[in-house]
Amino acid sequence: MTQAFSELSLAEPLARAIAEMGFSAMTPIQAQAIPVVLQGRDVMGAAQTGTGKTAAFSLPLLQRMLKHENASTSPARHPVRALVLLPTRELADQVAQQIALYAKHTQLRSTVVFGGMDMKPQTAELKKGVEILVATPGRLLDHIEAKNCVLNQVEYVVLDEADRMLDIGFLPDLQRILSYLPKQRTTLLFSATFSSEIKRLAGSYLQDPVTIEVARSNATASTIEQRFYRVDEDDKRQALKQLLLEKGVKQAFVFLNSKLGCARMARALERDGLNAVALHGDKSQDERLKALDAFKKGEVDLLICTDVAARGLDIKDVPAVFNLDIPFNAEDYVHRIGRTGRAGASGIAISFVTGRDVKQLAEIEKLIGKKTEVESLLLGSDQSRFGGAPSGRQNDGQRLWSDPQARAEVRSERPTRIRAPRASSDPFFDQPYQPPATDARPAWEGNAQPASARGLSPYIKSRKKVAALFRPMAPAAVESSTEAAS
DNA sequence: AAAAAAC
């Protein structure tokens with residue numbers, strides 16, 4: 001019982017824009033949220049990522065703005081009537097572009113303001129007057145305080161990624177912004193994840209809200225295959241390269257927890273001959289937008305990013321997400337893997353687990369309501385560069401942590417040694433990638449090296465059991481995946 | 001163990 005946009009009797013300019021964009025059937029969040037927003041109710045909406053939330057709030061807002069003239073008389077001909085707030089600049093940019101497309105055939109004007117860019121062009125746009133303003137909090141406050149925009153006629157506020165907007169880092173800015181807005185207004189909150197705490201807090205910003213939950217909140221899309229591999233800190237890059245080949249992945253988001261880690265990983269992968277670019281908050285905004293744009297166009301294969309890219313970014317057909325680090329917040333796991341498997345497409349999410357991530361993994365299991373199985377990964381020697389002769393063996397799905405004893409051992413493992421940052425003398429920066437000196441022979445063939453040096457998890461007890469689970473990679477499969485990856 | 005958002 002999918003409903004069509006045509007059943008909504010939207011204003012002609014909106015219907016035309018939708019048709020031009022090739023949309024006909026509504027997604028569940030759209031089918032449920034649009035009628036409610038059209039009634040002017042406050043909404044708290046939870047829906048999986050990639051299910052069309054932006055259209056779910058922007059279309060009915062535009063419709064209402066077209067149907068209802070702003071009642072108050074304004075000195076500006078185009079007072080801001082709708083304000084959309086987002087937690088990252090790239091996301092603000094993306095949502096603004098989408099709204100502009102929906103509003104294309106209307107007289108309604110929209111613009112976006114975010115930090116890291118020159119104030120002047122933004123100010124000029126604001127002074128011309130816009131009905132719809134998309135923004136990140138900090139820069140918006142700058143504009144408000146510089147009196148570049150007046151928000152006392154705002155009728156609609158949207159907090160997208162609402163749980164993030166309401167978290168401790170954003171809340172002070174958000175409260176200040178809200179203090180500039182009329183009390184009488186419609187407020188819409190949307191996110192894929194809502195913790196119960198945030199839900200309660202959110203309630204205090206809403207008046208008699210309608211709660212819309214199209215899937216259990218915090219759920220991950222069933223179109224995303226989720227896998228977890230036990231990988232030592234030092235083996236992560238090698239494991240990434242190997243899995244890219246094995247899975248035949250052409251393009252992927254690669255998440256790390258730190259900006260420095262991203263910068264290093266991107267450089268190292270580039271040196272290995274991969275087409276990788278970093279995206280994190282220490283880059284200039286210009287670089288950030290360029291990196292994202294190149295990834296969108298498919299000019300870049302691997303986007304090595306922090307959680308700046310975890311939420312909302314909508315890039316078509318990215319087949320894979322790698323979590324080289326397990327995110328600090330379980331919610332961010334849900335958002336990160338939501339960068340793949342969008343709009344019903346399939347995707348794979350691969351996460352690397354070290355000994356100290358066990359607790360966090362449990363949090364993720366709790367949040368997504370699924371048990372995870374951590375597999376071990378036998379790393380090949382990789383004598384060649386990426387795209388050359390593949391490694392000799394691959395893991396064929398060994399379930400490691402289903403064994404309670406192994407799990408207990410993992411818990412007690414000492415934390416991985418962390419290399420201190422050392423400017424340009426850091427060998428990680430300056431030396432070409434050295435493949436591991438060992439071959440890929442497994443431990444049971446009498447290799448004297450400690451198991452961890454070969455990427456074999458040190459807590460494997462039964463060699464026989466393990467041997468049965470590993471088998472050489474079939475040559476045919478290797479070739480096809482190599483081709484696909486190049 | 002961090003990142004994000006203003007200059």
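How many residues surround DNA strand B, and which are the closest?

Reply: This is a predicted model, so local features need pLDDT of at least 70, side-chain atom pairs count only at pLDDT 80 or more, and totals for chains, interfaces and linings use all residues. Residues are numbered from 1 along each chain as its sequence is written, chains are lettered from A and ligands numbered from 1 in the order in which they are written, and side-chain values use heavy atoms, with hydrogens and water left out.

The surface near the DNA comes first. DNA strand B is surrounded by 21 residues. The closest are Arg 139, Lys 259, Gly 281, Arg 288 and Phe 328. A residue is near the strand if one of its heavy atoms lies within 4 Å of it. By class, the residues of this surface are four nonpolar, 12 polar and five charged. Nonpolar here means Ala, Val, Leu, Ile, Met, Phe, Trp, Tyr, Cys and Pro; charged means Asp, Glu, Lys and Arg; the others, Gly among them, count as polar.

Now the DNA side. Of the atoms of DNA strand B within 4 Å of the protein, 69% belong to sugar or phosphate. The rest belong to bases. For Arg 89, a side-chain N or O atom is 2.9 Å from a phosphate oxygen of DNA strand B. For Lys 259, a backbone N or O atom lies 2.6 Å from a phosphate oxygen. For Gly 281, the distance from a backbone N or O atom to a phosphate oxygen is 2.3 Å.

Which helix gives the most to this surface? Helix H6 (residues 137–145) does, with three residues. Helices (H or I, at least four residues) and strands (E, at least two) are DSSP runs, numbered from the N terminus.

Next, strand E4. Strand E4 spans residues 132–135 and is covered on both faces. Ile 132 and Val 134 are buried on one side, Leu 133 and Ala 135 on the other. Buried means under 20% relative accessible area, exposed over 50%, and partly exposed in between, with a 1.4 Å probe and protein chains only.

E4 runs parallel to strand E2 (residues 82–85), joined by four bridges. Leu 85 has Ala 135 as its bridge partner in E4. Strand E3 (residues 110–113) also pairs with E4 in the parallel sense, over four bridges. There, Thr 111 is partnered by Leu 133. From E3 the chain crosses through helix H5 (residues 119–128) to E4, in a right-handed β-α-β crossover. Right-handed means that, with the strands pointing away from the viewer, the path from the first strand over the helix to the second runs clockwise.

These strands belong to an open sheet of seven, in the order E3-E4-E2-E5-E6-E1-E7, with parallel pairing. Two strands pair if DSSP finds at least two bridges between them. E3 and strand E7 (210–213) stand at the edges with a single partner strand each, so one side of each has no neighbour in the sheet. From one strand to the next, the twist averages 15°. Axes are lines fitted to C-alpha atoms, for helices over the stretch in contact, and angles run from 0 to 180 degrees between N-to-C directions. Val 43 has Val 210 as its bridge partner in E7.

Strand E12 (residues 320–323) deserves a look too. Ala 320 and Phe 322 point one way, Val 321 and Asn 323 the other, and all are buried. Strand E9 (residues 252–255) pairs with E12 in the parallel sense over four bridges. Strand E13 (residues 347–353) runs parallel to E12 as well, joined by four bridges. In E13, Ser 351 is the bridge partner of Asn 323. The chain passes from E12 through helix H13 (residues 330–337) to E13, and this β-α-β crossover is right-handed.

Helix H13 contains Arg 336. Arg 336 is buried, with a relative accessible area of 0%. Its side chain makes a polar contact of 2.7 Å with the side chain of Asp 307. A polar contact is a pair of N or O atoms within 3.5 Å; within protein, one must be able to donate a hydrogen and the other to accept it, and residues adjacent in sequence count only if both atoms are side-chain atoms.
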